[in-house]
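Hi everyone, thanks for making time.

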Amino acid sequence: MPKIVFLWIKFFNRIFMEHQERNIIRDLLKSHKVDIDVLVKGWVRTKRGNKNVAFIALNDGSIIHNLQIVVDVPSFDEELLKKVTTGSCIAVHGKLVQSAGSGQPVEVIASSIEVYGTADPDIYPLQKKGHSLEFLREIAHLRPRTNTFGAVLRIRHALSFAIHKYFNDNGFYYLHTPIVTGSDAEGAGAMFRVTTLDMENLPKNEDGSVNYSEDFFGKSTNLTVSGQLEGELGALALGAIYTFGPTFRAENSNTPRHLAEFWMIEPEMAFYDIKDNMDLAEDFLKYLITYALEHCHHDLEFLCKMYDEELIERLKFVTENDFIRLTYTEGVEILMKSNHKFEFPVSWGIDLQSEHERYLVEKHFKKPVILTGYPKEIKAFYMKQNEDGKTVRAMDVLFPKIGEIIGGSQREEDFAKLEYRINELGIPMKDLWWYLDTRRFGSAPHSGFGLGFERLVLFVTGMGNIRDVIPFPRTPKNAEF
Ligand code: 4AD
Ligand code: MG
(Lines give C-alpha, C1' and ligand atoms only; values in the text may rest on other atoms or scores of the structure.)
(Ligands and ions follow the chains in the order given, each with its own letter.)
Protein backbone atom coordinates (compact mmCIF):
# COMPACT_ATOMS: atom_id res chain seq x y z
CA MET A 1 0.00 0.00 0.00
CA PRO A 2 1.35 3.50 -0.81
CA LYS A 3 3.04 5.08 2.21
CA ILE A 4 0.79 8.17 2.16
CA VAL A 5 -2.43 6.09 2.27
CA PHE A 6 -0.98 4.02 5.08
CA LEU A 7 -0.15 7.14 7.10
CA TRP A 8 -3.69 8.49 6.62
CA ILE A 9 -5.23 5.23 7.83
CA LYS A 10 -2.90 5.25 10.78
CA PHE A 11 -3.87 8.84 11.58
CA PHE A 12 -7.63 8.15 11.49
CA ASN A 13 -7.28 4.95 13.43
CA ARG A 14 -5.35 6.78 16.09
CA ILE A 15 -8.12 9.34 16.45
CA PHE A 16 -10.65 6.53 16.53
CA MET A 17 -8.72 4.59 19.18
CA GLU A 18 -8.46 7.65 21.35
CA HIS A 19 -12.21 8.02 21.34
CA GLN A 20 -13.32 4.43 21.57
CA GLU A 21 -13.64 2.87 24.97
CA ARG A 22 -11.40 -0.07 25.70
CA ASN A 23 -13.04 -3.51 25.86
CA ILE A 24 -12.01 -5.93 28.57
CA ILE A 25 -11.09 -9.36 27.20
CA ARG A 26 -13.04 -11.16 29.93
CA ASP A 27 -16.23 -9.42 28.73
CA LEU A 28 -15.57 -10.10 25.04
CA LEU A 29 -15.01 -13.82 25.57
CA LYS A 30 -18.42 -14.02 27.26
CA SER A 31 -20.08 -11.73 24.75
CA HIS A 32 -23.00 -12.96 22.67
CA LYS A 33 -22.70 -9.96 20.37
CA VAL A 34 -20.45 -10.34 17.35
CA ASP A 35 -19.66 -8.18 14.32
CA ILE A 36 -19.05 -5.18 16.56
CA ASP A 37 -16.11 -2.77 16.63
CA VAL A 38 -13.80 -3.35 19.58
CA LEU A 39 -10.63 -1.91 21.05
CA VAL A 40 -8.50 -4.24 23.17
CA LYS A 41 -5.23 -3.60 24.96
CA GLY A 42 -2.89 -6.12 26.50
CA TRP A 43 0.30 -8.14 26.37
CA VAL A 44 1.19 -10.50 23.56
CA ARG A 45 1.56 -14.09 24.70
CA THR A 46 2.45 -15.53 21.28
CA LYS A 47 2.45 -14.59 17.62
CA ARG A 48 2.44 -17.20 14.88
CA GLY A 49 1.45 -17.42 11.24
CA ASN A 50 2.90 -16.83 7.78
CA LYS A 51 3.36 -14.05 5.26
CA ASN A 52 -0.39 -13.80 4.64
CA VAL A 53 -1.94 -14.13 8.06
CA ALA A 54 -0.73 -13.81 11.64
CA PHE A 55 -2.42 -14.91 14.87
CA ILE A 56 -1.69 -12.99 18.03
CA ALA A 57 -2.70 -14.40 21.43
CA LEU A 58 -3.47 -11.33 23.54
CA ASN A 59 -3.93 -11.33 27.31
CA ASP A 60 -5.00 -8.32 29.37
CA GLY A 61 -4.93 -9.98 32.80
CA SER A 62 -8.71 -9.88 33.24
CA ILE A 63 -9.07 -13.63 32.65
CA ILE A 64 -6.78 -16.60 32.14
CA HIS A 65 -7.83 -17.00 28.48
CA ASN A 66 -6.25 -15.11 25.58
CA LEU A 67 -8.13 -13.34 22.83
CA GLN A 68 -7.06 -14.34 19.34
CA ILE A 69 -6.23 -11.45 17.03
CA VAL A 70 -6.22 -12.24 13.33
CA VAL A 71 -3.97 -10.03 11.21
CA ASP A 72 -4.08 -9.77 7.43
CA VAL A 73 -0.30 -9.35 7.12
CA PRO A 74 -0.08 -7.66 3.66
CA SER A 75 -2.30 -4.75 4.75
CA PHE A 76 -0.07 -3.89 7.73
CA ASP A 77 3.27 -2.14 7.96
CA GLU A 78 5.97 -4.79 8.12
CA GLU A 79 8.08 -2.80 10.61
CA LEU A 80 5.13 -2.45 12.96
CA LEU A 81 4.35 -6.17 12.91
CA LYS A 82 7.99 -6.96 13.64
CA LYS A 83 7.64 -5.14 16.93
CA VAL A 84 4.72 -7.34 17.95
CA THR A 85 6.57 -10.10 19.79
CA THR A 86 5.94 -12.16 22.92
CA GLY A 87 5.78 -9.81 25.90
CA SER A 88 5.13 -6.61 23.95
CA CYS A 89 2.18 -4.45 24.86
CA ILE A 90 -0.25 -3.46 22.11
CA ALA A 91 -3.64 -1.91 21.40
CA VAL A 92 -5.76 -3.48 18.68
CA HIS A 93 -8.76 -2.01 16.99
CA GLY A 94 -10.90 -4.38 14.93
CA LYS A 95 -14.05 -6.39 14.50
CA LEU A 96 -15.16 -9.07 16.95
CA VAL A 97 -16.32 -12.11 14.96
CA GLN A 98 -17.28 -15.69 15.61
CA SER A 99 -14.06 -17.65 15.48
CA ALA A 100 -13.37 -19.90 12.53
CA GLY A 101 -11.02 -22.00 14.66
CA SER A 102 -12.08 -24.42 17.38
CA GLY A 103 -9.90 -23.05 20.19
CA GLN A 104 -11.99 -19.99 21.03
CA PRO A 105 -15.58 -18.73 20.66
CA VAL A 106 -14.67 -15.32 19.22
CA GLU A 107 -11.69 -13.56 17.72
CA VAL A 108 -10.81 -10.09 16.50
CA ILE A 109 -10.01 -9.24 12.90
CA ALA A 110 -7.50 -6.42 13.36
CA SER A 111 -7.94 -3.19 11.42
CA SER A 112 -5.13 -1.36 13.20
CA ILE A 113 -2.47 -2.04 15.80
CA GLU A 114 -0.55 0.33 18.01
CA VAL A 115 2.54 -0.82 19.89
CA TYR A 116 2.84 0.67 23.38
CA GLY A 117 5.96 -1.17 24.50
CA THR A 118 8.25 -3.63 22.77
CA ALA A 119 9.94 -6.63 24.48
CA ASP A 120 13.23 -7.56 22.84
CA PRO A 121 12.98 -11.34 22.21
CA ASP A 122 16.71 -11.74 22.83
CA ILE A 123 16.45 -10.61 26.43
CA TYR A 124 12.78 -10.88 27.51
CA PRO A 125 12.93 -13.51 30.32
CA LEU A 126 9.47 -14.96 29.59
CA GLN A 127 10.13 -15.44 25.89
CA LYS A 128 9.62 -19.20 26.22
CA LYS A 129 6.85 -21.10 28.00
CA GLY A 130 7.25 -23.68 30.76
CA HIS A 131 9.70 -22.02 33.17
CA SER A 132 10.11 -23.68 36.57
CA LEU A 133 8.45 -22.08 39.58
CA GLU A 134 11.92 -21.73 41.13
CA PHE A 135 13.13 -19.70 38.15
CA LEU A 136 9.98 -17.57 38.22
CA ARG A 137 10.69 -16.70 41.88
CA GLU A 138 13.90 -15.07 40.69
CA ILE A 139 11.87 -12.84 38.39
CA ALA A 140 9.02 -12.11 40.80
CA HIS A 141 8.63 -8.69 39.13
CA LEU A 142 7.61 -10.33 35.83
CA ARG A 143 5.95 -13.55 36.93
CA PRO A 144 2.44 -11.99 37.20
CA ARG A 145 2.52 -12.09 33.38
CA THR A 146 2.45 -15.88 33.37
CA ASN A 147 -0.77 -17.91 33.32
CA THR A 148 0.05 -19.51 36.66
CA PHE A 149 0.62 -16.30 38.57
CA GLY A 150 -2.26 -14.54 36.85
CA ALA A 151 -4.51 -17.35 38.13
CA VAL A 152 -3.04 -17.32 41.65
CA LEU A 153 -3.27 -13.53 41.97
CA ARG A 154 -6.88 -13.41 40.75
CA ILE A 155 -7.82 -16.14 43.25
CA ARG A 156 -5.94 -14.26 45.99
CA HIS A 157 -7.99 -11.18 45.19
CA ALA A 158 -11.28 -13.10 45.18
CA LEU A 159 -10.51 -14.64 48.58
CA SER A 160 -9.60 -11.23 50.08
CA PHE A 161 -12.86 -9.81 48.86
CA ALA A 162 -14.82 -12.83 50.16
CA ILE A 163 -13.24 -12.41 53.62
CA HIS A 164 -14.49 -8.84 53.90
CA LYS A 165 -17.86 -9.83 52.50
CA TYR A 166 -18.30 -12.71 54.95
CA PHE A 167 -17.56 -10.59 57.98
CA ASN A 168 -19.53 -7.59 56.78
CA ASP A 169 -22.56 -9.79 56.05
CA ASN A 170 -22.27 -11.33 59.53
CA GLY A 171 -22.05 -8.12 61.54
CA PHE A 172 -18.30 -7.98 62.22
CA TYR A 173 -16.39 -4.68 62.14
CA TYR A 174 -13.01 -4.38 60.40
CA LEU A 175 -10.50 -3.13 62.99
CA HIS A 176 -7.12 -1.78 61.90
CA THR A 177 -4.59 -2.90 64.45
CA PRO A 178 -1.08 -1.40 64.50
CA ILE A 179 1.81 -2.71 62.42
CA VAL A 180 4.43 -1.12 64.66
CA THR A 181 4.02 -2.31 68.21
CA GLY A 182 5.63 -1.43 71.51
CA SER A 183 4.73 -4.77 73.06
CA ASP A 184 6.34 -8.12 72.34
CA ALA A 185 4.18 -10.02 74.77
CA GLU A 186 2.14 -12.14 72.36
CA GLY A 187 5.04 -14.54 72.08
CA ALA A 188 3.91 -15.84 68.68
CA GLY A 189 7.40 -15.57 67.21
CA ALA A 190 10.69 -13.69 66.95
CA MET A 191 10.21 -10.05 65.99
CA PHE A 192 11.74 -7.54 63.56
CA ARG A 193 12.99 -4.41 65.29
CA VAL A 194 11.79 -1.00 64.09
CA THR A 195 14.20 1.82 64.81
CA THR A 196 15.56 5.12 63.54
CA LEU A 197 18.65 4.95 65.75
CA ASP A 198 22.03 5.23 64.02
CA MET A 199 23.27 1.64 63.91
CA GLU A 200 26.88 2.81 63.67
CA ASN A 201 26.57 5.01 66.72
CA LEU A 202 23.99 3.70 69.18
CA PRO A 203 23.11 5.79 72.25
CA LYS A 204 24.05 3.79 75.36
CA ASN A 205 22.94 3.66 78.99
CA GLU A 206 25.52 3.65 81.77
CA ASP A 207 25.38 -0.15 81.94
CA GLY A 208 26.23 -0.40 78.22
CA SER A 209 22.72 -1.36 77.01
CA VAL A 210 21.09 0.59 74.16
CA ASN A 211 19.17 3.67 75.29
CA TYR A 212 15.86 3.31 73.46
CA SER A 213 14.47 6.47 75.04
CA GLU A 214 16.34 8.24 72.24
CA ASP A 215 14.62 6.12 69.59
CA PHE A 216 11.73 7.45 67.45
CA PHE A 217 8.95 6.24 69.76
CA GLY A 218 10.95 6.75 72.94
CA LYS A 219 10.99 3.00 73.50
CA SER A 220 11.94 -0.21 71.78
CA THR A 221 9.48 -1.12 69.00
CA ASN A 222 8.91 -4.03 66.62
CA LEU A 223 6.76 -5.15 63.69
CA THR A 224 3.67 -6.96 64.94
CA VAL A 225 3.44 -10.77 64.97
CA SER A 226 -0.35 -10.68 65.38
CA GLY A 227 -3.16 -8.17 65.83
CA GLN A 228 -4.91 -10.30 68.43
CA LEU A 229 -4.22 -8.42 71.65
CA GLU A 230 -5.50 -5.18 70.13
CA GLY A 231 -8.30 -7.18 68.46
CA GLU A 232 -9.48 -8.25 71.91
CA LEU A 233 -9.77 -4.59 72.92
CA GLY A 234 -12.01 -4.07 69.88
CA ALA A 235 -14.19 -7.13 70.53
CA LEU A 236 -14.80 -6.05 74.12
CA ALA A 237 -16.24 -2.80 72.81
CA LEU A 238 -17.78 -3.51 69.40
CA GLY A 239 -18.86 -7.11 70.04
CA ALA A 240 -17.32 -8.75 67.01
CA ILE A 241 -14.34 -7.49 64.99
CA TYR A 242 -11.83 -8.86 62.55
CA THR A 243 -8.41 -7.74 61.46
CA PHE A 244 -6.86 -8.43 58.07
CA GLY A 245 -3.31 -7.19 57.79
CA PRO A 246 0.34 -8.02 57.39
CA THR A 247 2.18 -9.75 60.24
CA PHE A 248 5.89 -10.41 60.59
CA ARG A 249 7.89 -13.23 62.11
CA ALA A 250 11.68 -13.21 62.14
CA GLU A 251 12.05 -16.96 62.41
CA ASN A 252 14.58 -18.76 60.33
CA SER A 253 11.97 -21.17 58.95
CA ASN A 254 12.79 -22.24 55.43
CA THR A 255 9.72 -24.39 54.76
CA PRO A 256 7.10 -24.40 52.00
CA ARG A 257 4.56 -23.10 54.57
CA HIS A 258 6.39 -20.22 56.31
CA LEU A 259 6.91 -16.60 55.32
CA ALA A 260 8.61 -13.84 57.30
CA GLU A 261 5.87 -11.44 56.12
CA PHE A 262 2.40 -12.91 55.79
CA TRP A 263 -1.19 -11.71 55.99
CA MET A 264 -3.43 -12.83 58.79
CA ILE A 265 -7.18 -12.61 59.38
CA GLU A 266 -8.08 -12.48 63.06
CA PRO A 267 -11.74 -12.40 64.11
CA GLU A 268 -12.38 -11.79 67.81
CA MET A 269 -15.83 -12.14 69.37
CA ALA A 270 -17.26 -11.22 72.76
CA PHE A 271 -19.55 -13.88 74.31
CA TYR A 272 -18.19 -16.71 72.12
CA ASP A 273 -16.95 -19.86 73.81
CA ILE A 274 -14.61 -22.40 72.20
CA LYS A 275 -17.50 -24.25 70.53
CA ASP A 276 -18.86 -21.04 68.96
CA ASN A 277 -15.29 -20.30 67.85
CA MET A 278 -14.97 -23.70 66.13
CA ASP A 279 -18.37 -23.30 64.46
CA LEU A 280 -17.32 -19.91 63.11
CA ALA A 281 -13.96 -21.16 61.85
CA GLU A 282 -15.57 -24.08 60.01
CA ASP A 283 -18.35 -21.99 58.49
CA PHE A 284 -15.88 -19.26 57.47
CA LEU A 285 -13.48 -21.66 55.72
CA LYS A 286 -16.31 -23.42 53.90
CA TYR A 287 -17.73 -20.08 52.78
CA LEU A 288 -14.36 -18.94 51.40
CA ILE A 289 -13.72 -22.16 49.52
CA THR A 290 -17.26 -22.17 48.10
CA TYR A 291 -16.77 -18.56 47.02
CA ALA A 292 -13.60 -19.51 45.14
CA LEU A 293 -15.32 -22.49 43.49
CA GLU A 294 -18.15 -20.23 42.33
CA HIS A 295 -16.12 -17.20 41.24
CA CYS A 296 -12.73 -18.53 40.12
CA HIS A 297 -13.60 -21.59 38.05
CA HIS A 298 -11.51 -20.63 34.99
CA ASP A 299 -8.40 -20.16 37.12
CA LEU A 300 -9.08 -23.26 39.22
CA GLU A 301 -9.58 -25.37 36.11
CA PHE A 302 -6.24 -24.14 34.78
CA LEU A 303 -4.41 -24.95 38.04
CA CYS A 304 -6.16 -28.32 38.23
CA LYS A 305 -4.98 -29.18 34.71
CA MET A 306 -1.42 -27.91 35.13
CA TYR A 307 -0.50 -28.74 38.73
CA ASP A 308 -2.95 -30.78 40.74
CA GLU A 309 -5.69 -32.81 39.11
CA GLU A 310 -7.46 -33.50 42.43
CA LEU A 311 -7.66 -29.81 43.35
CA ILE A 312 -11.31 -29.08 42.59
CA GLU A 313 -12.45 -32.40 44.06
CA ARG A 314 -10.51 -31.67 47.24
CA LEU A 315 -12.06 -28.20 47.56
CA LYS A 316 -15.56 -29.58 47.08
CA PHE A 317 -14.88 -32.35 49.57
CA VAL A 318 -13.93 -29.82 52.28
CA THR A 319 -17.08 -27.77 51.71
CA GLU A 320 -19.35 -30.84 51.80
CA ASN A 321 -18.08 -32.62 54.92
CA ASP A 322 -18.09 -31.83 58.63
CA PHE A 323 -14.68 -31.22 60.15
CA ILE A 324 -13.65 -33.83 62.73
CA ARG A 325 -13.37 -32.40 66.23
CA LEU A 326 -11.25 -34.08 68.88
CA THR A 327 -8.91 -33.23 71.71
CA TYR A 328 -5.15 -33.03 71.53
CA THR A 329 -5.02 -35.97 73.97
CA GLU A 330 -7.17 -38.12 71.65
CA GLY A 331 -5.07 -37.03 68.68
CA VAL A 332 -1.83 -37.99 70.41
CA GLU A 333 -3.30 -41.41 71.31
CA ILE A 334 -4.15 -42.05 67.65
CA LEU A 335 -0.64 -41.05 66.58
CA MET A 336 0.99 -43.23 69.23
CA LYS A 337 -1.15 -46.26 68.31
CA SER A 338 -0.42 -45.87 64.61
CA ASN A 339 2.52 -47.87 63.39
CA HIS A 340 3.67 -44.94 61.32
CA LYS A 341 7.34 -43.98 61.62
CA PHE A 342 7.49 -40.24 62.36
CA GLU A 343 10.65 -38.17 62.12
CA PHE A 344 9.74 -36.58 65.48
CA PRO A 345 8.51 -39.18 68.01
CA VAL A 346 5.09 -38.56 69.59
CA SER A 347 4.29 -38.28 73.30
CA TRP A 348 1.76 -36.27 75.33
CA GLY A 349 3.05 -32.72 75.71
CA ILE A 350 4.94 -32.32 72.41
CA ASP A 351 4.15 -29.50 70.03
CA LEU A 352 2.69 -31.35 67.04
CA GLN A 353 4.76 -31.17 63.86
CA SER A 354 3.31 -30.81 60.42
CA GLU A 355 3.93 -34.56 59.77
CA HIS A 356 1.71 -35.42 62.79
CA GLU A 357 -1.03 -32.99 61.79
CA ARG A 358 -1.04 -34.28 58.24
CA TYR A 359 -1.15 -37.90 59.38
CA LEU A 360 -4.35 -37.23 61.32
CA VAL A 361 -5.93 -35.35 58.42
CA GLU A 362 -4.70 -37.25 55.38
CA LYS A 363 -4.23 -40.81 56.62
CA HIS A 364 -6.43 -41.30 59.65
CA PHE A 365 -9.58 -39.20 59.26
CA LYS A 366 -9.23 -38.14 55.61
CA LYS A 367 -11.06 -34.93 56.56
CA PRO A 368 -10.13 -31.54 58.06
CA VAL A 369 -9.62 -31.81 61.80
CA ILE A 370 -10.06 -29.35 64.67
CA LEU A 371 -7.89 -30.21 67.66
CA THR A 372 -8.71 -28.67 71.06
CA GLY A 373 -7.47 -28.88 74.63
CA TYR A 374 -3.73 -28.49 74.08
CA PRO A 375 -1.21 -28.67 76.95
CA LYS A 376 -0.87 -25.19 78.44
CA GLU A 377 2.94 -25.32 78.22
CA ILE A 378 2.95 -25.23 74.41
CA LYS A 379 0.31 -22.50 74.03
CA ALA A 380 0.14 -18.75 74.67
CA PHE A 381 -0.45 -17.16 78.08
CA TYR A 382 -3.87 -15.71 77.21
CA MET A 383 -5.66 -19.00 76.52
CA LYS A 384 -8.46 -20.03 78.87
CA GLN A 385 -7.34 -22.65 81.34
CA ASN A 386 -9.33 -25.86 81.67
CA GLU A 387 -10.36 -27.30 85.05
CA ASP A 388 -7.77 -30.10 84.75
CA GLY A 389 -4.99 -27.55 85.37
CA LYS A 390 -3.04 -29.05 82.44
CA THR A 391 -4.77 -28.01 79.24
CA VAL A 392 -6.13 -24.83 77.68
CA ARG A 393 -9.07 -24.08 75.38
CA ALA A 394 -6.96 -23.80 72.27
CA MET A 395 -8.08 -24.91 68.83
CA ASP A 396 -6.03 -25.57 65.72
CA VAL A 397 -7.72 -26.30 62.41
CA LEU A 398 -5.69 -28.79 60.37
CA PHE A 399 -6.06 -29.13 56.61
CA PRO A 400 -4.92 -31.65 54.02
CA LYS A 401 -1.57 -30.77 52.38
CA ILE A 402 -1.20 -27.76 54.72
CA GLY A 403 -1.32 -28.87 58.34
CA GLU A 404 -2.27 -25.94 60.61
CA ILE A 405 -4.31 -23.35 58.74
CA ILE A 406 -5.99 -21.71 61.76
CA GLY A 407 -4.83 -21.25 65.35
CA GLY A 408 -7.13 -19.82 68.00
CA SER A 409 -8.65 -20.14 71.46
CA GLN A 410 -11.15 -19.06 74.01
CA ARG A 411 -9.37 -16.33 76.00
CA GLU A 412 -8.83 -16.30 79.75
CA GLU A 413 -11.23 -13.61 80.96
CA ASP A 414 -10.50 -14.01 84.67
CA PHE A 415 -8.10 -11.28 85.84
CA ALA A 416 -6.54 -13.28 88.67
CA LYS A 417 -5.93 -16.42 86.58
CA LEU A 418 -4.46 -14.39 83.75
CA GLU A 419 -2.19 -12.41 86.07
CA TYR A 420 -1.03 -15.63 87.71
CA ARG A 421 -0.14 -17.16 84.34
CA ILE A 422 1.68 -14.03 83.20
CA ASN A 423 3.80 -14.10 86.34
CA GLU A 424 4.37 -17.84 86.02
CA LEU A 425 5.78 -17.31 82.52
CA GLY A 426 7.83 -14.28 83.59
CA ILE A 427 6.19 -11.96 81.03
CA PRO A 428 6.85 -8.30 82.00
CA MET A 429 3.52 -7.10 83.38
CA LYS A 430 4.33 -3.45 82.67
CA ASP A 431 4.09 -4.09 78.92
CA LEU A 432 0.59 -5.51 79.31
CA TRP A 433 -1.20 -3.07 81.62
CA TRP A 434 -3.50 -1.93 78.81
CA TYR A 435 -4.40 -5.51 77.88
CA LEU A 436 -5.10 -6.42 81.51
CA ASP A 437 -7.43 -3.42 81.79
CA THR A 438 -9.96 -5.35 79.65
CA ARG A 439 -10.10 -7.94 82.44
CA ARG A 440 -10.17 -5.25 85.13
CA PHE A 441 -13.10 -3.38 83.63
CA GLY A 442 -16.12 -5.17 82.21
CA SER A 443 -14.39 -8.42 81.37
CA ALA A 444 -16.38 -10.94 79.31
CA PRO A 445 -15.99 -14.43 77.93
CA HIS A 446 -14.56 -14.11 74.41
CA SER A 447 -12.78 -16.08 71.71
CA GLY A 448 -11.00 -15.65 68.43
CA PHE A 449 -8.64 -17.17 65.92
CA GLY A 450 -6.06 -16.38 63.28
CA LEU A 451 -6.22 -17.65 59.70
CA GLY A 452 -2.95 -17.51 57.77
CA PHE A 453 -4.06 -15.95 54.49
CA GLU A 454 -1.27 -17.44 52.37
CA ARG A 455 -1.97 -20.92 53.80
CA LEU A 456 -5.57 -20.49 52.69
CA VAL A 457 -4.45 -19.38 49.21
CA LEU A 458 -2.02 -22.31 49.14
CA PHE A 459 -4.87 -24.71 49.86
CA VAL A 460 -7.30 -23.16 47.38
CA THR A 461 -4.79 -22.93 44.51
CA GLY A 462 -3.15 -26.32 45.18
CA MET A 463 0.28 -24.73 44.82
CA GLY A 464 3.07 -26.49 46.67
CA ASN A 465 5.07 -23.57 48.04
CA ILE A 466 3.85 -20.54 49.98
CA ARG A 467 6.38 -18.37 48.10
CA ASP A 468 4.22 -18.83 45.01
CA VAL A 469 0.96 -17.47 46.45
CA ILE A 470 2.11 -13.99 47.53
CA PRO A 471 3.31 -11.43 44.97
CA PHE A 472 6.59 -10.64 46.71
CA PRO A 473 7.64 -13.31 49.21
CA ARG A 474 9.77 -12.37 52.21
CA THR A 475 11.82 -15.28 53.50
CA PRO A 476 15.26 -15.54 55.15
CA LYS A 477 17.86 -13.88 52.87
CA ASN A 478 15.22 -12.87 50.36
CA ALA A 479 13.72 -9.39 49.97
CA GLU A 480 14.86 -8.43 46.46
CA PHE A 481 11.65 -7.17 44.92
O1 4AD B 1 -1.08 -19.91 65.35
P2 4AD B 1 -0.67 -18.48 65.24
O3 4AD B 1 0.72 -18.13 65.63
O4 4AD B 1 -1.74 -17.67 66.09
C5 4AD B 1 -1.71 -16.35 66.40
O6 4AD B 1 -0.92 -15.55 65.99
C7 4AD B 1 -2.91 -15.94 67.22
N8 4AD B 1 -2.64 -14.61 67.75
C9 4AD B 1 -4.15 -15.97 66.36
C10 4AD B 1 -5.40 -15.58 67.12
O11 4AD B 1 -5.87 -16.35 67.95
N12 4AD B 1 -5.93 -14.42 66.84
O13 4AD B 1 -0.91 -17.98 63.74
C14 4AD B 1 -2.17 -18.09 63.14
C15 4AD B 1 -2.07 -18.66 61.74
C16 4AD B 1 -1.49 -20.06 61.69
O17 4AD B 1 -2.48 -21.03 61.95
C18 4AD B 1 -0.97 -20.12 60.26
O19 4AD B 1 -2.03 -20.38 59.35
C20 4AD B 1 -0.50 -18.71 60.03
O21 4AD B 1 -1.16 -17.88 60.97
N22 4AD B 1 0.95 -18.57 60.19
C23 4AD B 1 1.83 -18.40 59.18
N24 4AD B 1 1.64 -18.33 57.85
C25 4AD B 1 2.73 -18.14 57.08
N26 4AD B 1 3.98 -17.99 57.56
C27 4AD B 1 4.23 -18.06 58.89
N28 4AD B 1 5.46 -17.88 59.36
C29 4AD B 1 3.11 -18.27 59.77
N30 4AD B 1 2.97 -18.37 61.11
C31 4AD B 1 1.66 -18.55 61.35
MG1 MG C 1 -0.38 -21.76 65.85
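Okay, let's start with two helices: α9 (residues 311–320) and α14 (residues 453–461) have axes that come within 8 Å and cross at roughly 120°. Axes here are lines fitted to C-alpha atoms, for helices over the stretch in contact, and angles run from 0 to 180 degrees between N-to-C directions. On the α9 side, the contact uses Leu311, Arg314, Leu315 and Val318, and α14 brings Phe459, Val460 and Thr461. Contact, by the way, means heavy atoms within 4.5 Å. Sort those contact residues and you get five nonpolar, one polar and one charged. For that sorting, Ala, Val, Leu, Ile, Met, Phe, Trp, Tyr, Cys and Pro are nonpolar, Asp, Glu, Lys and Arg are charged, and the others, Gly among them, are polar.

Quick housekeeping. This is a predicted model, where local features need pLDDT of at least 70 and side-chain atom pairs count only at pLDDT 80 or more, while totals for chains, interfaces and linings use all residues. Residues are numbered from 1 along each chain as its sequence is written, chains are lettered from A and ligands numbered from 1 in the order in which they are written, and side-chain values use heavy atoms, leaving out hydrogens and water. Helices (H or I, at least four residues) and strands (E, at least two) are DSSP runs, numbered from the N terminus.

Now the sheet. It's open, with eight strands in the order β6-β10-β11-β16-β15-β14-β13-β12, and the pairing is mixed. Two strands pair if DSSP finds at least two bridges between them. At the edges sit β6 (173–174) and β12, each pairing on one side only.

Let's walk in from β12. Strand β12 (residues 324–327) pairs with β13 in the parallel sense, over four bridges, and Leu326 has Leu371 of β13 as its bridge partner. On we go to β14 (residues 391–399), which runs antiparallel to β13, joined by six bridges. There, Pro375 partners Thr391, and Ile370 stands opposite Val397.

So, how many residues of β13 are buried? Seven of the seven, so that strand, residues 369–375, is largely enclosed by the rest of the structure. Buried means under 20% relative accessible area, exposed over 50%, and partly exposed in between (1.4 Å probe, protein chains only). For β14, eight of the nine residues are buried, so that strand is largely enclosed too.

Keep going: β14 and β15 run antiparallel, with six bridges, and Asp396 partners Gly407. Their hairpin has three residues between the strands, and Lys401 there takes a positive phi near 70°. Then β15 (residues 403–410) pairs antiparallel with β16 (residues 446–452) over five bridges.

What lies across β12 and β13? Helix α10 (residues 328–337), running at about 95° to β12. Helix α11 (residues 354–365) also packs on the sheet, touching β12, β13, β14 and β15, with its direction at about 140° to that of β13.

Last stop, Thr146, in the loop between α4 (133–138) and α5 (147–169). Thr146 counts as buried, at 16% relative accessibility. Not counting residues up to four places away in sequence, Thr146 touches Arg45, Leu126 and Leu136. That's my tour, thanks!
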